[in-house]
Amino acid sequence: MMVPEGRVSGRTWIAVAAGMLGAFMAVLDIQITNSSLRDILGALNATQEEGSWISTAYLVAEIIVIPLTALLTRTFGMRGYMMGTTALFLVFSTLCGAAWNLQSMIMFRMMQGFTGGALIPMAMTLVMAKLPASKRAVGMAIFGLTATLAPSMGPTLGGYLSELYGWPSIFYINWVPGILLIAGVAYGLDHEQRKLSELFNADWLGIAFMALGLGCLTIFLEEGNSKDWFESGFIIAFAGLAIVGLLGWVLTSAMRPHPFVNLGLFAQRNFLVASALAAVMGMGLYGSSFLLPLYLGQIAGYSPMQIGEVIMCSIGLGLFGVSCIMNAYMDATTGYDQLLLSQVVRALGQPFVMLTLSNFAMNGIAPKDTASASSLFNMIRNLGGSIGIALLATQLTQREHFHSARLGEAVNSFSAATQLRLDQLTQNFIGKGFDPVTASDKALKAVDGIVRRESFVMAYNDGFLIVGGILLSCILILWLSDKVKSPSGGGSGAH
């Protein structure tokens, strides 16, 4: 039920703050294993390729449950569902920390994603359902901060906790915000009657198609690069299943008078434009959070904690697209000091983008569709993040090969500069006691290592340039949206 205009009680603000804490916790857990993955794989006796499923399992379950949030909220009530799903999230987080092999870890991460994913759209729904129009701008601004800071803080917090207390602590730490969330929701929201008939009468065929489509699409995006995309029968199969699932979801939704989530909202121009921009924002947000730690770890040789310190210095500090272009001119000596300014510019821009997109998306949405709109908006943003990481991972591989080939053409045995450098390195190794043949071989390997390092640096630069260009080009899309009034203005009555 919508609250009337006027003063917001302390109980309501506590409930909204608890919801924001839940969204922050759920988004944080997407990235938190990245810095600690090497330690986790070592403890579970798993390879790097097998370990990718630790993140993929969480993302698949999360992207499936987000569209279901509206249905589950109607069934169990906002208070009951948030408290129940948070309690289960804490249980599965604990089990992740106690996982005894890779299979158990993947299963518990999947259940962690399924129980935690709902907390993301629930935070946005709380703002729209419990705050009057005059206060929604504040609520959306806080939601924007959680959505932009959490992906950057994930590797940071994971790196710190892993190094200080061991990798299981990155899962056990969820108990702190989790208990606060449950207490805040229990105090701030009124009890609602359960409507189990909503669950029994739900469009289960549409839900099955949705789960198939989004789940297979996420696996396709997450695993595609490591399996060489359409050269793999595994990837082709999941691409086909994703198409079948998504088409089936759209068709069943169109034929049902009361679908479990209202896809018809995409027919509203503002919601469509805002969702498209949210997808691009997700690409930039998760993509840049993917590239920067990878660069610092692979090229600059930073430890997980040092990577975390670099990223932590950028929190609260971002103009998003400009900062990515600023990062497009790195070299092998680039480190923390040179990256700080671009991260300041980046973090200043992110909350402004998320606040604007949230307002665009919810402008003109009927109260009965608030939960559906929140679910779809956050689903699209997370999906955009998966697409962005998949594209950047592929781009990084391809551009490294390209730059390595180009540099190899210039750095060859017929080049006087190359020959001079090889002679200098050979003499250096001979001076260290190596025989001439071994010294020559080591000199060749040293030059080859330099070429490969520089080709990776150029590939990272290309990645940041692509992200920055895409983000800046999206400014034009804003002109496609209808005029949006401030959420505190008269136009908000439609909410």
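This is a predicted model: local features need pLDDT of at least 70, side-chain atom pairs count only at pLDDT 80 or more; totals for chains, interfaces and linings use all residues.
Author: Local features here need pLDDT of at least 70, side-chain atom pairs count only at pLDDT 80 or more, and totals for chains, interfaces and linings use all residues. Residues are numbered from 1 along each chain as its sequence is written, and side-chain values use heavy atoms, with hydrogens and water left out.

Reader: What makes Ser 375 buried or exposed?
Author: Its relative accessible area is 0%. Buried means under 20%, exposed over 50%, partly exposed in between (1.4 Å probe, protein chains only). Therefore Ser 375 is buried.

Reader: Which residues does Ser 375 touch?
Author: Ile 66, Pro 67, Thr 69, Ala 70 and Pro 121, not counting residues up to four places away in sequence. Contact means heavy atoms within 4.5 Å. A helix is a DSSP run of H or I, at least four residues, numbered from the N terminus.

Reader: What makes Thr 73 buried or exposed?
Author: Its value is 13%, so Thr 73 counts as buried. Leaving aside neighbours within four places in sequence, Thr 73 contacts Met 78, Tyr 81 and Met 122.

Reader: Which residues of H9 are buried?
Author: Pro 177, Gly 178, Leu 181, Ile 182, Gly 184, Val 185 and Gly 188.

Reader: Why are they said to be on the same side of H9?
Author: Because they cover an arc of only 170° around the axis. The arc is that of the directions from the helix axis to the C-beta atoms. The face turned away from that buried side carries the exposed Val 176 and Leu 180.

Terms used:
Helices (H or I, at least four residues) and strands (E, at least two) are DSSP runs, numbered from the N terminus.
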